[in-house]
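Hi everyone, thanks for having me. Please take a moment to bring up the sequence and the model on your screens, and then we can walk through it together.

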Amino acid sequence: MDSITQNSVNEPLSLIITDDKGSFYISVTNPVKIAPGSLINKLIVSPELMENALHNDEAFKPLMLEISKVSISAPNRNELALLGYFYLNPTPSPISLINRWFTDAGTDPQKASILAGIVYYARTEKGDEEPDFFREIKMYPAQKIENSNPELKNYLPENLTEAFEISARNSKTILAYDGLSESNPGSKDQASFIRLDLLPETGFLIEDHAMMIVGLSVTIAELVRMTAVKWPLFAEKLLEEVPLYLRDFYSLGRLITEKQEVALILSRLYHLHPDIILASTGAVKESIGLEFLSSYTEPNGRTGIPVFLRILK
């Protein structure tokens, strides 16, 4: 996948709902620009469905009440998607970040500020009732994730041990921390991918007074929410480099591989000490510098599998 260097304002967005064993994950993207495999087991909420839910679904009553208190033009497609995204998301976001998402989607700054306040306060009043379209996605059995390109094999390990075994058996495998990677149709010797984003370890997040541990499949949206207050220049650079429609899909591992200079802001501007933690057979762990991650994700005689970014404070 080519490196992204600037945001796409006015990208047509849709709200995406993922049912992960009864837990719902909320994202927003332009489905046309996302690899088909990244949309498996997801419900794409159309603008019409979202607008209907806003007016008629009891779950959205607090949000509709807040909208009725202000005088603004009716929300457009992107604004509807973002209202649903921040209202339904189980992880709260500060008003400043909500505002940034709206402006990045092309909303006028004044209206963006109003919408950010509306959805922020409505979320605090939201009850436990699920929207009707949550029940719709529950009605359909989950599809098995399969390779969408017959010329490129995606290995789907169930645990780290299996990932090691796949890596050892197949010399031409690339470690992938999200589903955005695509094959090069012109290459006859294209490597295959080991999908590490399917492992719970790579989605791990923990922080204490001494360090932060972030799994390499953690998305840019999650990373921004974690770092915006502590390391605002780093978070701002993340938002500049990764467009809105990719932020819920683009992984930390991809960021360090493609845009290493962004990750190095942590050490250059904040004097932190980031490194990559490898998991090896026999539960032996070692660390490497950020600059070596690319050599481990590419096919070679790797001694371990990169799993976490460790940030020593």
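Phe 24, Phe 60, Tyr 87, Phe 133 and Phe 134 form one aromatic cluster. Please keep in mind that we are looking at a predicted model.

How many aromatic pairs does the structure hold? There are eight of them. For anyone new to this, a pair of aromatic rings is described by the distance of the centres and the angle of the planes.

Take Phe 60 and Phe 133 as our example. Their ring centres are 6.1 Å apart and their planes are at 45 degrees, so we call this pair tilted. Now find the two residues along the chain. Phe 60 is in the loop between α1 (47-56) and α2 (61-68), while Phe 133 belongs to helix α6 (residues 132-138), so the pair ties together parts that are 73 residues apart in sequence.

Next, please turn to Tyr 120 and Tyr 121. Here the ring centres are 5.2 Å apart and the planes are at 85 degrees, so this pair is edge-to-face. Tyr 120 has a relative accessibility of 32%, so it counts as partly exposed. Tyr 121, at 46%, also counts as partly exposed.

Over the ring of Trp 101 sits the charged end of Arg 247, 4.7 Å from the ring centre.

Two packed helices are described by the angle between their axes and the distance between the axes. For helix α4 (residues 95-104) and helix α9 (residues 232-241), the axes come within 12 Å and cross at roughly 20 degrees. These two helices are therefore roughly parallel to each other, and their crossing is right-handed.

Which residues of α9 are buried? They are Phe 234, Ala 235, Leu 238, Leu 239 and Glu 241. The buried residues of α9 pack against α4, α8 (220-227), α10 (252-258), α11 (260-263) and α12 (265-268).

Helix α4 has another partner, helix α5 (residues 109-125). The axes of α4 and α5 come within 8 Å and cross at roughly 135 degrees, so these helices are oblique to each other. This crossing is right-handed. Among the residues making the contact are Ile 98 and Phe 102 from α4, and Ala 116 and Tyr 120 from α5.

Where is it? Look in the loop between α3 (77-88) and α4. At 8% relative accessibility, Ser 93 counts as buried. Leaving aside residues up to four places away in sequence, Ser 93 touches Phe 86, Ile 98, Tyr 120 and Arg 225. Finally, compare Ser 93 with Met 226: they are 133 residues apart along the chain, and their C-alpha atoms are separated by 9.6 Å.

Conventions
Residues are numbered from 1 along each chain as its sequence is written. This is a predicted model: local features need pLDDT of at least 70, side-chain atom pairs count only at pLDDT 80 or more; totals for chains, interfaces and linings use all residues. Side-chain values use heavy atoms; hydrogens and water are left out. Rings of Phe, Tyr and Trp (its six-membered ring) pair if their centres lie within 6.5 Å; planes under 30 degrees apart count as stacked, over 60 as edge-to-face and the rest as tilted. Helices (H or I, at least four residues) and strands (E, at least two) are DSSP runs, numbered from the N terminus. Buried means under 20% relative accessible area, exposed over 50%, partly exposed in between (1.4 Å probe, protein chains only). A charge sits over a ring if NZ of Lys or CZ of Arg is within 6 Å of the ring centre and within 35 degrees of the ring normal. Axes are lines fitted to C-alpha atoms, for helices over the stretch in contact, and angles run from 0 to 180 degrees between N-to-C directions. Angles under 35 degrees count as roughly parallel, over 145 as roughly antiparallel, 65 to 115 as roughly perpendicular and the rest as oblique. A crossing is left-handed if the near helix is turned anticlockwise from the far one by less than a right angle, and right-handed if clockwise. Contact means heavy atoms within 4.5 Å.
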